[in-house]
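Please look over the model shown here and read the report on its helix packing alongside it.

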Amino acid sequence: MLGKLDWETWSEDLSVGIEAIDGDHKGILDLIGHLHEAYDGPNGADAVRLAVGRIAAYAETHFQREERMLLVAGYPFLIQHRARHDTFRAYVAHIVMGTAPLPEVGELLSWLVDWWVGHIGTEDKLYRDHVRQHPEAVGGLG
Ligand SMILES: [Fe+2]
Ligand SMILES: [Fe+2]
């Protein structure tokens, strides 16, 4: 079916070596993998906006956890990293609030998967070595 993700988006390649963070990343990709169900259901755009809202809320919890970890670790590129998170925040906020037209399912899924796989595989991986030298930053992650 068009728009259904029938491949596993998370793989060991995407591991940043921090269990709680990997868990968040798996969770978000899993939510995105189920997003097509909202398009297929009877409730149309409202159901999709609600499902995107759930993804946004989950992502926000993750971003805050990650940004707090990077702050405690004294990561020198926290501002740039947060700015990347902000591009995601802005995109989904427009969809949830209805200030942007609802993309068709394939377009929305490609944007979300590209953003997350790209972000985890590049910017999130960049902090890996720095954070490993600061175990105190990882200790408080739930
Ligand atoms: Fe990140
Ligand atoms: Fe992340």
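## Helix α1 against α3

In this predicted model, I21, D24, G27, I28, L31 and I32 of α1 meet R54, I55, Y58, A59, H62, R65 and E66 of α3, where contact requires C-beta atoms, placed from the backbone, to lie within 7 Å, and where helices are DSSP runs (H or I, at least four residues) numbered from the N terminus. By class, this contact has seven nonpolar, two polar and four charged residues; Ala, Val, Leu, Ile, Met, Phe, Trp, Tyr, Cys and Pro count as nonpolar, Asp, Glu, Lys and Arg as charged, and the others, Gly among them, as polar.

The axes of α1 and α3 come within 10 Å and cross at roughly 165°, the axes being lines fitted to C-alpha atoms over the stretch in contact and the angles running from 0 to 180 degrees between N-to-C directions. That makes α1 roughly antiparallel to α3 (an angle over 145 degrees). Their crossing is left-handed, in that the near helix is turned anticlockwise from the far one by less than a right angle.

## Helix α1 against α5

Helix α1 (residues 19-33) also has its axis within 10 Å of that of helix α5 (residues 105-126), with a crossing at roughly 165°, and α1 and α5 are therefore roughly antiparallel to each other. This contact is made by H25, I28, L29 and I32 of α1 together with L109, L112, V113, W116 and I120 of α5, and its residues divide into eight nonpolar, one polar and no charged.

## Helix α3 and its surroundings

With 29 residues, α3 reaches 43 Å from its first C-alpha to its last, close to the 42 Å expected at 1.5 Å a residue, a span computed as 1.5 Å times one less than the number of residues. Its buried residues are V48, A51, V52, I55, A59, E66, M69 and L70 (buried means 20 or more other C-beta atoms within 10 Å, exposed 12 or fewer, and partly exposed in between), and what covers them includes α1, α2, α4, α6 and α7.

Just after α3, G74 takes a positive phi of about 65°, and F77 lies in the loop between α3 and α4. Because 14 other C-beta atoms lie within 10 Å, F77 is partly exposed.

## Basis of the description

Residues are numbered from 1 along each chain as its sequence is written, while chains are lettered from A and ligands numbered from 1 in the order in which they are written. As the model is predicted, local features need pLDDT of at least 70 and side-chain atom pairs count only at pLDDT 80 or more, whereas totals for chains, interfaces and linings use all residues.

Key: Helix = DSSP H or I, 4+ residues; strand = E, 2+ residues; numbered from the N terminus. Parallel < 35°, antiparallel > 145°, perpendicular 65-115°, else oblique. Contact = placed C-beta atoms within 7 Å.
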